[in-house]
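Hi,

Here is the structure I said I would pass on. Have a look at it first, and then read my notes below.

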Amino acid sequence: MATKTRTTFETRNDLPAESREKLVALLNARLADTFDLYSQIKQAHWSVRGPDFIQLHLLYDTVAEGVLGFVDEIAERAAALGGLATGTVRMAAEASTLDEYPLDATSGPDTVDVVADRLAAYGAAVREAIDTADSELGDMDTSDLFTEISRAIDKHLWFVEAHHQADA
């Protein structure tokens, strides 16, 4: 006899149950993207080649470490709302909205383009989540978490994009 996996748990949190359910789904969607973003930045970290190798290798490690911290924050917020975080690597791979990392992106400039594209796409999804959490679902705390993530991602994007920017 198969047992049904429980995805919600009782909580005294005063947000309406319907809102919490939608918030957990939103959090799990961004959790998948966050874990995928982390792994793609690590792929760039391992794969980068060329004259800027050490700078980019170290930068990608710093960015990946910052992104990894948000995996736990997002998962724990889902749990705090009475939900079940769905955060294994396979779950993330199945649910991520980010494009896959192209294995032929190994030159410094190519990795910068790929990482910048992924950071920008992720940042846009997080900004959308800010509005959804606050305006549509009435949860300023989840919105605040996404705002914190958005600020960090924008800073990481700036650091990565700066490798292509110079005075002409």
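Before anything else, one definition you will need: a residue is buried under 20% relative accessible area, exposed over 50%, and partly exposed in between (1.4 Å probe, protein chains only). At 48% relative accessibility, Ile-54 therefore counts as partly exposed.

Some ground rules on the model. It is a predicted one, where local features need pLDDT of at least 70 and side-chain atom pairs count only at pLDDT 80 or more, while totals for chains, interfaces and linings use all residues. Residues are numbered from 1 along each chain as its sequence is written, and side-chain values use heavy atoms, with hydrogens and water left out.

On confidence: pLDDT is the predictor's confidence in each residue, from 0 to 100. The chain has a mean pLDDT of 92, with 89% of its residues at 70 or more. Among the helices, H5 has the highest confidence, at 98, and H3 (residues 89–95) the lowest, at a mean of 93.

Now the overall layout. The chain holds five helices and zero strands, which gives the pattern α-α-α-α-α when read along the sequence. Helices here are DSSP runs (H or I, at least four residues), as are strands (E, at least two), and they are numbered from the N terminus. Of the 168 residues in the chain, 42% are buried. Contact means heavy atoms within 4.5 Å, and of the contacts with a separation of 6 or more, 79% are between residues 24 or more positions apart. The chain exposes about 9,800 Å², and carbon and sulfur atoms supply 52% of that area. Accessible areas come from the Shrake-Rupley method with a 1.4 Å probe, and for residues only the protein chains shown count as cover.

What about the inside? A nonpolar core is a set of buried Ala, Val, Leu, Ile, Met, Phe, Trp, Tyr and Cys residues joined through side-chain atoms within 4.5 Å. The largest one has 41 residues, and those with the most contacts inside it are Ile-41, Tyr-60, Leu-119, Ile-149 and Val-160. Two or more residues come from each of helix H1 (17–47), H2, helix H4 (108–136) and helix H5 (140–161). H2 gives the most, with eleven residues. Take Val-160 as an example: leaving aside neighbours within four places in sequence, Val-160 is in contact with Leu-59, Tyr-60, Val-63, Val-112, Val-115, Ala-116 and Leu-119.

Back to Ile-54, which lies in helix H2 (residues 53–80). Together with Phe-53 and Leu-58, Ile-54 makes a nonpolar surface patch of about 270 Å². Patches are made of residues with over 30% relative accessible area and no salt bridge, with like charges joined within 9 Å and nonpolar side chains (Val, Leu, Ile, Met, Phe, Trp, Tyr) within 5 Å.

Next, the charged pairs. Side chains of opposite charge can pair when their charged atoms come close. I call it a salt bridge when a side-chain nitrogen of Lys or Arg is within 4 Å of a carboxyl oxygen of Asp or Glu. A search of the whole structure finds five, and these are among them:

- Glu-18 with Lys-22, whose closest N and O atoms are 3.2 Å apart. Both lie in helix H1, four residues apart, about one turn of the helix. Glu-18 is exposed, at 55% relative accessible area, whereas Lys-22 is partly exposed, at 43%.
- Asp-33 with Arg-30 (2.8 Å, N to O). These two also sit in helix H1, three residues apart, about one turn of the helix, and both are buried.
- Arg-77 with Asp-139 (3.0 Å, N to O). This pair links distant parts of the chain, with Arg-77 in helix H2 and Asp-139 in the loop between H4 and H5, 62 residues apart. Both are buried.

Which residue lies 6.0 Å from Leu-68 in space, C-alpha to C-alpha, yet 30 residues apart in sequence? That is Tyr-38. Leu-68 itself is in helix H2 and is partly exposed, at 35% relative accessibility.

Two other such pairs to look up. Leu-84, in the loop between H2 and H3, has its C-alpha atom 8.6 Å from that of Asn-28, 56 residues apart along the chain.

Cheers
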